[in-house]
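Please have the sequence and the 3D view open while reading.

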Amino acid sequence: MQTTKTAPESTAPDLPAAPAVSLATRLRRALRGAPLPAVAFLALVLGVALLADLIVPHDPLTGDLRAYSLPPAWKAGGSVSYFLGTDLLGRDILSRIIMGARISLIVAAASIALGGVLGTVLGLLAGHFGGWIDEVIMRLVDTQLSLPSLLVALVALVVFGSSFTVLVILIGVWLWPNYARIVRGETLRIRRYDYISLARIAGCSTWRILFVHELPGIYNTLIVMATLQAGWVILLEGSLSYLGVGVPPPTPSWGSMIAEGRGDLASAWWISMFPGLAMLATVLSLNLLGDWLRRTLDPKQVNQ
Amino acid sequence: MVVVKRLGSAFVTLLAISLVVFVLSRMSGDPRELMLSEYATAEDYELLNERLGLDKPYYAQYGVFLADAVRGDLGESIQARQPVLTLILQRLPGTLELAGSAFVAIILASVLLGVATAVWRDTWVETAGNIVAVVGQSVPAFWLGIVLVYVFALTLGWLPMAGRGGWLYLVLPTLTIAANSLAALTRLLSSAMTEAMDAEYVKFANVKSVPPWRVTMVHCLKNAILTPFTYAGIILGQLLTGSIIVETVFGWPGIGLLALQAVQTRDYPLLQGVVLVFAIIYVGIALLVDVAYAYLDPRIRH
Amino acid sequence: MNAHGPSPSPHPSARRSEAPLLEVRDLTVEFKTRHGEVRALDRVSFDLRAGETLGIVGESGSGKSVTARSIMRLLPRNARVTGGEIRYDGRDLLTLSDREFRGIRGKAISMVLQDPLTSLNPVFRIGWQVGEAVTIQQGLRGAARDARSVDLLRGVNIPAPEIRLHNYPHEMSGGMRQRVVSATALAGNPRILICDEPTTALDATIQAQFLNLLRGLQEAYGLAIIFITHDFSVVAEMCDRVAVMYSGQIRERGDVFEIFDHPAHPYTRALLASVPKLGETERLTTIPGQPPSSANKLPGCAFAPRCPIADSVCHASEPPDMALRDDHTSLCWRAQ
């Protein structure tokens, strides 16, 4: 930044035109600087979540009460069969973490899809049409962004009772204003470009311009946002489950597993520790990937 | 002018929250089911019927609800059989103490980290700062709290496990709340500092031979601090929200713990009261932040 | 408008006898970039005598700003002075520590940056910013500092300076801000003022006013000025001597009348031909081609690819610095 501003004499040399490159080279270039450990870990989590039923070593829902509160395998008294130990009901922690990965990813994917679609459509409308449509939508966005969302979510979960569907709808509705705001900004930027005017001159319908010409211009922004928000949603789902209003038991969720171990921290630390580590590693990977995507795809507006 | 406009939008937000709470209570069917315990008699139901004006149209019911709330009548807790407002006021100081100490901690730490990563950019300091920030952003607060308790209270025995007391009791909850918000603020401050340090006015300050520490800590920081300041409202909101979770981890007697008890016992009047009080604090803080920002940045003062 | 009015500077030859105030010898600066080390300044040498105005002219990217910033130690982080010396009052400034150099900067040599809009810090009042310089340069505090600040602002013809002290930069016009910047730069009573394109960001009428002011200040403070510009018509108005830069080298330097009347370097001739002259209707010439990028340097004269009179020698090897009349020199095989 500094050098280009203060000393343009030396920092912008012309480069020779890039010669044709092979696909492998291009791929390597595209992935330059990518956080490969994070990508690998996410691939692992995804694979584990998809194959959860096939690979769990024990039934994640029913435990063996004779094997309750076993420490992890490498501690005295641990068993290799229960590699990360068992909880107070004798359920295998590793198996529950594996099933929990599935829950976390499904909640994240479903609610982001819901919030993303809702927010993108409303943001496109606001940015494209402006006027009172814009006014109404953005007022709604501002109001919702200034609500204490977690508390409103608690009220809703008490009123409707907690279930998977309620949780997804709630988080989706929680997310849409972020998308709407950023998509609106991007749309305002894009619609000034000549190719949009050209499409209009060519007689494209409003809907065609919106979804065929303007929407692809903001894909990068949406990808970066969704990645960064996935981590955040996993934390949020974890918090709600930890508070006992998220995914209802006995379905294993990382958040509720952490809550279950809280009371016996002194005698069985592993019950809380491992689901938390799984969550930290997943969210960290998503954030690292999102940061890299942001740097690479460079949508100017996503800053959180 | 700006203040008047902000007051207006704060008022709208409060109305919106009250409406959301009201609508949610009516969406569940008979609101009396939510507001009375399972031991309530037929007379209790009759009484509440009259009290809430359930035979009247919805807008009239909302009017009753608003009028009561404005008078400070938030109903009675099902469990404690006490006015909701009394219960909340008992717990309010605890939450304010925690959120306040977390806010101070976050401001100090993020200024320190943000300035350090900008001044020593492209060195190990920046790398370390970035790692602290991204890990802080990714760690589940409730789990971090548990880990801190395990390490510093159970294993090392340096700090108390739970409860509210002297400043020692504040350390772990403050750290836990601060971790998440610290990341975002540090990043913002760091990039704002980097930008400020490349600005022409910094070169001109060098022409004046202003000492380097003063260029960084006065000339740059006063510019850089404005950007994250716009997020201070969001961060305070995060702190309050975070306090709900952290209070439950550390058994800290604040509004958050009260809210969780209300959720667990399905004490709807109490929960509704907590939401409204939280909303007022939330909106009030956002308002203060905006006014303070307008005061700090001469360009928008007029 | 301007109280000082245009003041005719004494004839340059009157100063010839004095020893130079600032001597720059073989100054070489390199930038570290993604594409390797790039030489931004290549053995730049010139003198500045007390009270005179030296113009440094060139296209953007020629190295004129880098020259100024090297003298002031304002180079970006990736730049490094790799050779040469900058002597002020007999001392080589490049050997001073940062702390020692702060005794020079602002006091002996000061600078007005290109953009008055961004040179002032937006979040501090004018009085604070001028006063800071007064405190640092002269050790004045409190009422004495304020009085001196008012004097400085009055010295650059700012009306009602007492009131202006309470303004923020965004409340002033570009011309006013450039005056504030100049006043601040002069707080330490420097002997040399470097002006890096001080009028580029200003409107034409404001430009003329500011140049007048600068001449007045030069008279009042006895300043030697290094005036950096891309505009030869401003050089004619302001400067006693001129140095023409191209791709990090000084291509030609000498007395301003000499250069205007007998330009020796084809690049200087091209620059002069592109200056509009009043009353002339012939078409302005432009210089064909692009300035070279410093990264991929060819052998031979850097200007050769654009030069109308280049021959095989020019393309093969770098020209030497040819001494012509008086202190008129030109870096060109074909200098006449």
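Does C:Val256 count as buried or exposed, and how many C-beta neighbours lie inside 10 Å? The model is predicted. C:Val256 has 20 such neighbours inside 10 Å, and the cut-off for burial is 20 or more, so C:Val256 counts as buried.

**Surroundings of C:Val256**
- C:Val256 is part of helix α10 of chain C, which covers residues 256–261.
- With neighbours within four places in sequence left aside, the contacts of C:Val256 are C:Val235, C:Ala236, C:Cys239, C:Asp240, C:Arg241 and C:Val242.
- C:Ala243 is 13 residues away from C:Val256 along the chain, and 8.9 Å separates their C-alpha atoms.

**Chain C overall**
- Chain C contains twelve helices and twelve strands.
- Of its 336 residues, 48% count as buried.
- Among contacts in chain C with a separation of 6 or more, 66% are between residues 24 or more positions apart.

**The four-stranded sheet of chain C**
- An open sheet is formed by four strands of chain C in the order β2-β1-β4-β5, with antiparallel pairing.
- The edge positions belong to β2 (36–48) and β5 (91–92) of chain C; each has a single partner strand, so one side of each has no neighbour in the sheet.
- Nine bridges link β1 (residues 22–33) of chain C to β2(C) in the antiparallel sense.
- Opposite C:Val24 stands C:Phe46, which belongs to β2(C).
- Helix α1 (residues 64–71) of chain C lies across β1, β2 and β4 (79–88) of chain C, and its direction makes an angle of about 75° with β2(C).

**The eight-stranded sheet of chain C**
- Eight strands of chain C make an open sheet in the order β6-β7-β8-β3-β9-β10-β12-β11, and the pairing is mixed.
- At its edges stand β6 (109–112) and β11 (321–323) of chain C; because each has a single partner strand, one side of each is left without a neighbour in the sheet.
- From one strand to the next, the twist averages 20°.
- β6(C) runs parallel to β7 (residues 192–196) of chain C, and four bridges join them.
- In this pair, C:Ser110 faces C:Leu193 of β7(C).
- Helix α11 (residues 266–273) of chain C lies across β3 (53–57), β9 (241–246) and β10 (249–255) of chain C, at about 105° to β9(C).

**Nonpolar core**
- The largest nonpolar core has 249 residues.
- Those with the most contacts inside this core are A:Leu154, A:Val155, B:Ala259, B:Leu271, B:Val274 and B:Val275.
- Not counting residues up to four places away in sequence, B:Val274 touches A:Leu151 of chain A as well as B:Ile88, B:Ile255, B:Leu258, B:Ala259 and B:Ala262 of chain B.

**Annotated span of chain B**
- An unreviewed UniProt entry places the feature "domain: ABC transmembrane type-1" at residues 92–293 of chain B.
- This span is 84% helix and 0% strand, and its end C-alpha atoms lie 26 Å apart.

Methods. Residues are numbered from 1 along each chain as its sequence is written. Chains are lettered from A and ligands numbered from 1 in the order in which they are written. This is a predicted model: local features need pLDDT of at least 70, side-chain atom pairs count only at pLDDT 80 or more; totals for chains, interfaces and linings use all residues. UniProt positions are given in the numbering used here, feature names are shortened, and annotations may be inferred rather than shown by experiment. Helices (H or I, at least four residues) and strands (E, at least two) are DSSP runs, numbered from the N terminus. Two strands pair if DSSP finds at least two bridges between them. Two residues are in contact if their C-beta atoms, placed from the backbone, lie within 7 Å. Axes are lines fitted to C-alpha atoms, for helices over the stretch in contact, and angles run from 0 to 180 degrees between N-to-C directions. A nonpolar core is a set of buried Ala, Val, Leu, Ile, Met, Phe, Trp, Tyr and Cys residues joined through C-beta atoms within 7 Å. A residue is buried if 20 or more other C-beta atoms lie within 10 Å of its own, exposed if 12 or fewer, and partly exposed in between; C-beta atoms are placed from the backbone.
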